[in-house]
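Have a look at the structure first.

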Amino acid sequence: MRIGVVYHHTHKSWNLNIWDDIQTLWVINFLQELYGNVEIIYINREEIHLFKSQDPLVVVMQGWWMHCVDNWPPSDSIIPLFIWFHLSSGMRNFINNNPDQINYFHKYAPIGCRDISTLDFFRKNKVDAYFSWCMSIFQKPSSGILKQSDLTFCVDAEEVVPLIPSSIATDNLVCLSHKIWFPDFLEGLKIAQKLIDIYHSRGKFIITSRLHCALPCISLGLPVIVFLKNRKDPRLELLREYTNNIYFLGYLYPFFSRFSIFMKIFSFLFYKKISWELRPDNNLDKKRNILKDAFKKQLQFLEQLKIF
């Protein structure tokens, strides 16, 4: 069986956000768990209109779409499987300005949307769509990992370190960033796997400002607390499906956090609202089964087209 998997190489440079590679990695793992020996064909999201194949190829269209809107729709060689799919504001404007583009989604519906805003967009345009959640929450922890659980990871959230209680902010507090340079997407996949393995084996607590870190760590069964700045981020609907441990610091917090007097006032007013006693989500297996069912139902339509 051959199936396409999208990787995310921007039109300017390699994406420094390792999250894109974590998504690609976990789609691969998902397909291998579902089908065993599957041949993966890698396709650049931003050049999806250029892909050529003698036989049509089913491509999993997960993640954030897209920078180069003029490169939409995909080539005729691609049969898109829309699941865990997000439309950027640029893509929505492109579709609104080119109403005939919505016909492409009608043809390959239903569309599995990873967030409510994307779902609402399709329903507004009378496209059959459903909420599929995000690929990130599917991945099961690796069984061969030696669990030490001795480190608290603060990921792209160094400004909140003064708020962390001493019982957590010990010598075992490690600050990391998901902005990592890598020379090509295959190297990015290796880095993504190493990063996930480190979180799984060494993590006992995750503090982050990134949805991109929170969801994978929740799927690993780790307790996660999230500090964000933007209350209007449409991805919040997705994050709230898995955790209520979300707090908003505001855009000015990084500036004021430099001043001790502000931190004393802020800590007094804000600290008591934070729940540091976290427990992992015990319903993940149920949600993973829902994801599997959604993926299989999506394939039923493609099987009717005699792709396999």
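## Ground rules

This is a predicted model, in which local features need pLDDT of at least 70, side-chain atom pairs count only at pLDDT 80 or more, and totals for chains, interfaces and linings use all residues. Residues are numbered from 1 along each chain as its sequence is written, and side-chain values use heavy atoms, with hydrogens and water left out.

## The chain as a whole

The chain has 10 helices and 13 strands; these are DSSP runs numbered from the N terminus, with helices being H or I of at least four residues and strands E of at least two. Of the 308 residues, 54% are buried, where buried means under 20% relative accessible area, exposed over 50% and partly exposed in between (1.4 Å probe, protein chains only). Among contacts between residues at least 6 apart in sequence, 62% join residues at least 24 apart; a contact means heavy atoms within 4.5 Å.

## Helix α1 and its two partners

Helix α1 (residues 19-35) meets helix α5 (residues 185-202) at an angle of about 85 degrees, with the axes 8 Å apart. That makes α1 roughly perpendicular to α5. Angles under 35 degrees count as roughly parallel, over 145 as roughly antiparallel, 65 to 115 as roughly perpendicular and the rest as oblique. Axes here are lines fitted to C-alpha atoms, for helices over the stretch in contact, and angles run from 0 to 180 degrees between N-to-C directions.

On the α1 side, the contact with α5 uses Asp21, Ile22, Thr24, Leu25, Trp26, Ile28 and Asn29, which meet Phe185, Gly188, Leu189, Ala192, Gln193 and Ile196. By class, there are eight nonpolar, four polar and one charged residues in this contact. Nonpolar covers Ala, Val, Leu, Ile, Met, Phe, Trp, Tyr, Cys and Pro, charged covers Asp, Glu, Lys and Arg, and the others, Gly among them, are polar.

Helix α6 (residues 211-219) is another partner: its axis and that of α1 come within 10 Å and cross at roughly 35 degrees. Here Trp19, Ile22 and Trp26 in α1 meet His212, Pro216 and Ser219 in α6. This contact splits into four nonpolar, two polar and no charged residues. As for α6 itself, nine of its nine residues are buried. Just after α6, Gly221 takes a positive phi of about 85 degrees.

Leaving out residues up to four places away in sequence, Gln23 touches Gly63, Arg114, Cys134, Met135 and Ser136.

## Helices α2 and α4

The axes of α2 (residues 89-97) and α4 (residues 116-124) come within 12 Å and cross at roughly 5 degrees. That makes the two helices roughly parallel. Arg92, Ile95 and Asn96 in α2 meet Ser117, Thr118 and Phe121 in α4, a contact with two nonpolar, three polar and one charged residues.

Arg92 is buried, with a relative accessible area of 17%. Its contacts, leaving aside neighbours within four places in sequence, are His86, Leu87, Asp115, Ser117, Thr118 and Phe121. Arg92 and Thr118 are 26 residues apart in sequence, with 9.0 Å between their C-alpha atoms.

In α4, the buried residues are Ser117, Thr118, Leu119, Phe121 and Phe122. Their cover includes β6 (85-87), α2, α3 (102-108), β7 (111-113), β8 (129-131) and α7 (236-239).

Most residues other than glycine have a negative phi, and most peptide bonds are trans. These spots go the other way:

| Site | Backbone value |
|---|---|
| Trp65 to Met66 | cis, omega near -15 degrees |
| Trp72 to Pro73 | cis, omega near 10 degrees |
| Trp84 | positive phi, about 55 degrees |
| Lys126 | positive phi, about 60 degrees |
| Ser149 | positive phi, about 50 degrees |

Met66 sits in the loop between β4 (63-65) and β5 (78-81), and Pro73 is found in the loop between β4 and β5. Trp84 lies in the loop between β5 and β6 and is buried at 0% relative accessibility. Ser149 belongs to the loop between β8 and β9 (151-155) and is partly exposed, at 31%.
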